[in-house]
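Subject: Structure for you to look at

Hello,

Here is the structure I said I would pass on. Please open it first, then read my notes with it on the screen.

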Amino acid sequence: MSSIKSVLQETRQFPPSPEFAKDAHISSEEQYQQLWNRAKDNPAGFWGELAQTELEWFKPFETAMEGQMPDTKWFLGGKINASVQCLDRHLKTWRKNKAAIIWEGEPGDTRTLTYQQLHREVCKFANVLKKLGVQTGDRVTLYMPMVPELAIAMLACSRIGATHSIIFGGFSADAIADRNNDAQAKVVVTADGGWRRGKEVPLKTNVDASLPKAPSVEKVVVVRRTGTPVDMVPDRDYWWHELMEQVDADCEPAELDSEHPLFILYTSGSTGKPKGVLHTTAGYMLGAQMTSRWVFDLKDQDTYWCTADIGWITGHSYIVYGPLSNGATSLMFEGAPNWPDEGRFWEIIEKYQVNIFYTAPTAIRAFIKWGDQWPQKYDLSSLRLLGTVGEPINPEAWMWYHRVIGGERCPIVDTWWQTETGGIMISPLPGVQSTKPGSCTRPLPGVVPAIVDDKGNPLEANQGGLLVMTQPWPHMLRTLYGDHQRFKDTYFGKLEGLYFAGDGARKDEDGCYWVMGRVDDVLNVSGHRLSTMEIESALVSHPLVAEAAVVGFPHELKGEGICCFVTPKGVTPSDQEKKELIAHVRKQIGALATPDQIRFTPSLPKTRSGKIMRRLLRDIAAGKESSGDTTTLEDYTVLAKLREED
Ligand code: WT7
């Protein structure tokens with residue numbers, strides 16, 4: 001509540017400096033207005049022109065945009081390849097020998113790949129995939145640490161038209177199996193292990209454990225990263241470095257339809273089953289490229305660093321596809337911000353003279369807690385632009401970021417978007433927009449949002465409502481893999497003709513958006529999306545559990561914590577059994593879903609119609625008195641008992 005109040009009272013504004021504005025890609029209010037209005041009035045003309053001038057085509061498209069939401073198609077008739085946008089086009093220019101990826105591993109080892117070197121590796125691995133029987137249209141799962149081979153594998157898939165499905169390294173064997181089955185993946189690329197705070201993440205072992213439950217997988221490629229011994233099954237498992245010795249470095253890019261599936265990325269929805277968000281080639285690439293340039297104001301001399309893991313959409317769009325399609329230098333870091341100490345990020349910024357830095361509010365809150373002495377030890381004067389993504393940022397954290405990291409000179413871009421939107425939707429343009437701590441400000445050109453009530457009626461300024469998109473954009477998801485009906489129901493079923501984002505927000509009198517958070521049963525834990533139902537199904541799959549309800553509660557560092565109300569089958573479980581339940585959820589989903597609290601209760605509060613009273617549970621989890629009307633409570637004693645536990 002205190003953070004909501006502080007956002008409502010927030011009135012500070014920070015205009016861009018004239019020096020920043022002068023050189024920015026979009027550099028004046030007039031220019032922004034002109035682009036935004038043009039795109040609103042004629043999306044096909046606006047995006048069509050950009051697609052023509054900004055993408056490399058084998059064959060030009062005939063129709064820029066066809067059909068309305070939810071089934072809009074873009075750039076039909078065109079032939080294109082995403083790896084060409086990121087690589088081949090730069091080889092014809094002076095950027096051939098420019099650093100594409102500067103990589104640092106957690107132990108401090110480093111590698112730099114120029115565009116030409118990256119192209120070579122990508123072509124080779126594309127040939128490896130072909131040799132393993134991967135064909136255009138097949139799905140390839142990447143379950144890898146943050147090493148250059150991950151970016152290489154992504155681009156190699158796109159080169160031959162295989163659809164990649166990246167699974168974040170924090171997910172469990174069961175989660176890998178679910179995703180492999182849903183995608184019917186043929187090949188999995190992994191590593192022996194990855195480094196995380198000096199410990200090894202047993203990636204290959206997790207893949208091994210997943211395979212008996214995922215029969216579609218025929219081959220596994222293993223990158224040697226940590227050197228830890230792993231089981232290699234003959235004719236199934238192959239070392240990356242051995243396969244790479246057997247192929248040549250020429251691989252013609254596949255000429256693919258604009259709407260060819262580029263990747264699937266699983267994300268949590270309001271039911272237990274993860275959703276396979278599908279993005280297609282031309283529209284996604286145009287979005288990643290243009291939004292990177294507009295929002296991060298990428299310049300050739302910049303060293304750009306996005307701290308996300310490539311296992312999330314942020315890494316797809318803003319470590320790999322966006323920066324590389326712009327010919328930028330993208331820094332990639334394997335490790336954590338507090339290993340070997342809390343100065344690691346600032347040390348990297350000083351060491352590589354990072355100019356643009358993009359991170360998450362949950363990380364910023366941790367930095368604040370660790371203390372100003374860490375960033376103060378390092379020279380951060382190379383920074384010229386800062387960004388955040390993943391959850392609403394509280395104005396206090398914004399101000400700290402502005403003052404301590406940005407030295408009061410760097411604009412902050414608070415970027416609102418989603419796995420489904422493919423790219424940034426609402427964000428300050430750093431050369432135009434006066435920023436406001438806690439607001440993602442205004443929509444980018446081509447993005448036409450609105451705040452509506454639950455019937456779809458537009459609301460007045462400053463009224464809280466549902467955040468929707470009223471027009472299609474090229475980089476929006478096309479479907480949920482294998483379940484087009486769920487796609488339509490989830491995003492378009494609630495409000496006729498509008499894309500419903502799942503967030504609550506308000507728009508102020510200047511047209512700036514203030515996102516408040518999810519309005520569905522999705523949690524945002526440290527910027528990671530988790531479905532309450534997914535955690536509930538994990539809990540009830542344990543023999544001790546009869547019923548479970550999971551809600552979020554405000555958490556100082558994570559933004560939202562996970563609170564589980566559990567009705568046990570027998571007597572109240574012991575502390576040991578409680579620990580076992582926590583371990584069970586981790587095993588079913590992954591460490592990112594670790595419950596913060598488990599509270600046992602003889603029954604769950606329900607309405608007469610049998611619906612769990614989540615609002616009440618949320619209030620209890622937050623330690624608040626229930627403000628809601630509880631007269632429909634089936635069992636008052638439940639409430640009383642739950643309160644006793646507080
Ligand atoms: C949800 C999407 C997009 C990459 C990271 C997360 C929340 C994201 C912001 C922001 C307020 C934000 C929303 C959104 N969110 N960015 N700048 N301000 N909220 O992607 O896992 O698809 O989650 O993250 O609730 O719906 P994701």
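E408 lies in the loop between α16 (395–405) and β20 (412–415). The model is a predicted one, and this residue is where I began. The phi angle of E408 is positive, about 60 degrees, although E408 is not a glycine. Is E408 buried or exposed? Its relative accessible area is 54%; because exposed means over 50%, E408 counts as exposed.

D235 is not a glycine, yet has a positive phi of about 65 degrees. Its place is the loop between β11 (219–223) and β12 (237–239). With a relative accessible area of 63%, D235 is exposed.

Next, two peptide bonds. The bond from M69 to P70 is cis, with omega near 5 degrees. P70 sits in the loop between β1 (63–66) and β2 (73–76). Another cis peptide bond joins W339 and P340, where omega is about 0 degrees. P340 belongs to the loop between β17 (329–333) and α13 (344–352).

Then the cysteines. How many disulfides does the structure hold? The count is 0. C86 is in no disulfide, and the nearest cysteine sulfur, that of C123, is 13 Å away. A disulfide needs two cysteine sulfur atoms within 2.5 Å. C410 is in no disulfide either: the nearest cysteine sulfur belongs to C306 and is 17 Å away. As for accessibility, C86 is buried, at 0% relative accessibility. C410 is buried as well, with a relative accessible area of 3%.

W36 is a residue to look at for its contacts. W36 is part of helix α3 (residues 29–41). What does W36 touch, once residues up to four places away in sequence are not counted? The contacts are P443, L444, P445, G446, V447 and V448. In sequence, W36 and V448 are 412 residues apart, while their C-alpha atoms are 8.7 Å apart in space. W36 has 17% relative accessibility, and because buried means under 20%, W36 counts as buried.

Helix α18 (residues 532–540) comes next. Its buried residues are T532, E534, I535, E536, A538 and L539. When you look for a pattern in such a list, keep in mind that an α-helix has 3.6 residues a turn, so residues three or four places apart point the same way. At the start of α18, a side-chain oxygen of S531 comes to within 3.2 Å of the backbone nitrogen of M533.

In an unreviewed entry, UniProt places the feature "domain: AMP-binding enzyme C-terminal" at residues 534–611. Over residues 534–611, the chain is 27% helix and 32% strand, and the end C-alpha atoms are 17 Å apart. UniProt also lists K611, again in an unreviewed entry, for "modified residue: N6-acetyllysine". Where is K611 placed? K611 lies in the loop between β30 (597–600) and α20 (614–621). K611 is exposed, with a relative accessible area of 58%. Leaving aside residues up to four places away in sequence, K611 touches P605 and K606.

That is what I have for now.

Regards

Notes. Residues numbered from 1 in each chain as written. Predicted model: local features only at pLDDT ≥ 70, side-chain atom pairs only at ≥ 80, totals over all residues. Heavy atoms only, no water. Buried < 20%, exposed > 50% of the residue type's maximum accessible area, 1.4 Å probe, protein only. Helix = DSSP H or I, 4+ residues; strand = E, 2+ residues; numbered from the N terminus. Polar contact = N/O pair within 3.5 Å; in protein donor to acceptor, adjacent residues only side chain to side chain. Contact = heavy atoms within 4.5 Å. UniProt positions renumbered as here; feature names shortened; annotations may be inferred.
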